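Subject: Structure handover and findings

Hello,

Here is the structure for you to take over. My notes on what was found in it follow below.

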Amino acid sequence: MSYDIHATAAEGDLVTVHATMHGRQTGPLVFYTESGAVDNAFPPTGASFAMTESHWFRMREGKIFEHWANRDDLGMARQLGWLPPSPRYLLRSMWLKRQAVREVRSGR
């Protein structure tokens, strides 16, 4: 992954960054719930993407104390071929999720 930084601004303890993230999905992407259960799994597509992001940081003593962001996840999902999903991709996603659940249960 790489980032293009378009603009930054700072006022007091608040810093903002507007950027574009570029990347390519070469491996599986698995999301987990707060309790550690598998939520979703996305098999690699090999596709590239570029998505805009805005990040906000609150600084304390030279360190990031808070962070929040806005991203174009829908745009990224479309570029990666996750949406709309093909029947084949849905099957690959189900298989990957099942495999990830087994790994969680076995403690890997």
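Is Asp-73 buried, exposed or partly exposed? Asp-73 is partly exposed, and its relative accessible area is 33%. Please keep in mind throughout that this is a predicted model.

Overall layout

The protein has six strands and two helices. In sequence order the elements run β-β-β-β-β-β-α-α. With a radius of gyration of 17 Å, well over the 13 Å that the globule rule gives for 108 residues, the protein is more spread out than a compact globule. Along the principal axes, the box filled by the C-alpha atoms is roughly 50 × 30 × 20 Å.

Of the 108 residues, 23% count as buried. The accessible surface is about 7,700 Å², and carbon and sulfur atoms supply 54% of that surface. Among contacts with a separation of 6 or more, 47% are between residues 24 or more positions apart. As for charge, the protein has 13 positive and 11 negative charges, and their mean positions lie 15 Å apart.

Salt bridges

A search of the whole structure turns up three salt bridges.

The Arg-58 to Asp-13 salt bridge has its closest N and O atoms 3.1 Å apart. Arg-58 belongs to strand β5 while Asp-13 sits in the loop between β1 (2-11) and β2 (14-24), so this pair ties together parts that are 45 residues apart in sequence. Both ends are partly exposed: Arg-58 has 23% relative accessibility, and Asp-13 has a relative accessible area of 31%.

Arg-58 also forms a salt bridge with Glu-66, with an N to O distance of 2.9 Å. Glu-66 is partly exposed as well, at 33% relative accessibility. Through shared partners, salt bridges join Asp-13, Arg-58 and Glu-66 into one network.

Arg-71 and Asp-73 make another salt bridge, at 2.8 Å from N to O. This is the Asp-73 of the opening question, partly exposed at 33%.

Helix α1 and what follows

Helix α1 spans residues 73-80, and its buried residues are Gly-75, Met-76, Ala-77 and Leu-80. What do the buried residues of α1 pack against? Their packing partner is strand β5, residues 48-60. β5 is also the strand that holds Arg-58.

Gly-81 comes after α1 and has a positive phi, near 85°. Further on, Leu-83 and Pro-84 are joined by a cis peptide bond with omega of about -15°. Pro-84 is located in the loop between α1 and α2, the latter covering residues 87-106.

Backbone at Glu-61

Which residue has a positive phi although it is not a glycine? Glu-61 does, with phi of about 55°. Glu-61 lies in the loop between β5 and β6, where β6 is residues 63-71. With 83% relative accessibility, Glu-61 counts as exposed.

At 17% relative accessibility, Thr-16 is on the buried side of the 20% cut-off, so it counts as buried. Apart from neighbours within four places in sequence, Thr-16 is in contact with Ala-7, Thr-8, Ala-9, His-55 and Trp-56.

Ser-93 is part of helix α2. Ser-93 counts as buried too, at 14% relative accessibility. Which residues does Ser-93 contact, leaving aside its neighbours within four places in sequence? The contacts of Ser-93 on that basis are Ala-41 and Pro-43.

Regards

Note on methods. Residues numbered from 1 in each chain as written. Predicted model: local features only at pLDDT ≥ 70, side-chain atom pairs only at ≥ 80, totals over all residues. Heavy atoms only, no water. Helix = DSSP H or I, 4+ residues; strand = E, 2+ residues; numbered from the N terminus. Rg over C-alpha atoms; globule rule 2.2 N^0.38 Å. Buried < 20%, exposed > 50% of the residue type's maximum accessible area, 1.4 Å probe, protein only. Contact = heavy atoms within 4.5 Å. Areas by Shrake-Rupley, 256 points an atom, 1.4 Å probe, with all protein chains shown as cover. Lys, Arg positive; Asp, Glu negative; His and termini not counted. Charge placed at Lys NZ, Arg CZ, Asp CG, Glu CD. Salt bridge = Lys/Arg side-chain N within 4 Å of Asp/Glu carboxyl O.
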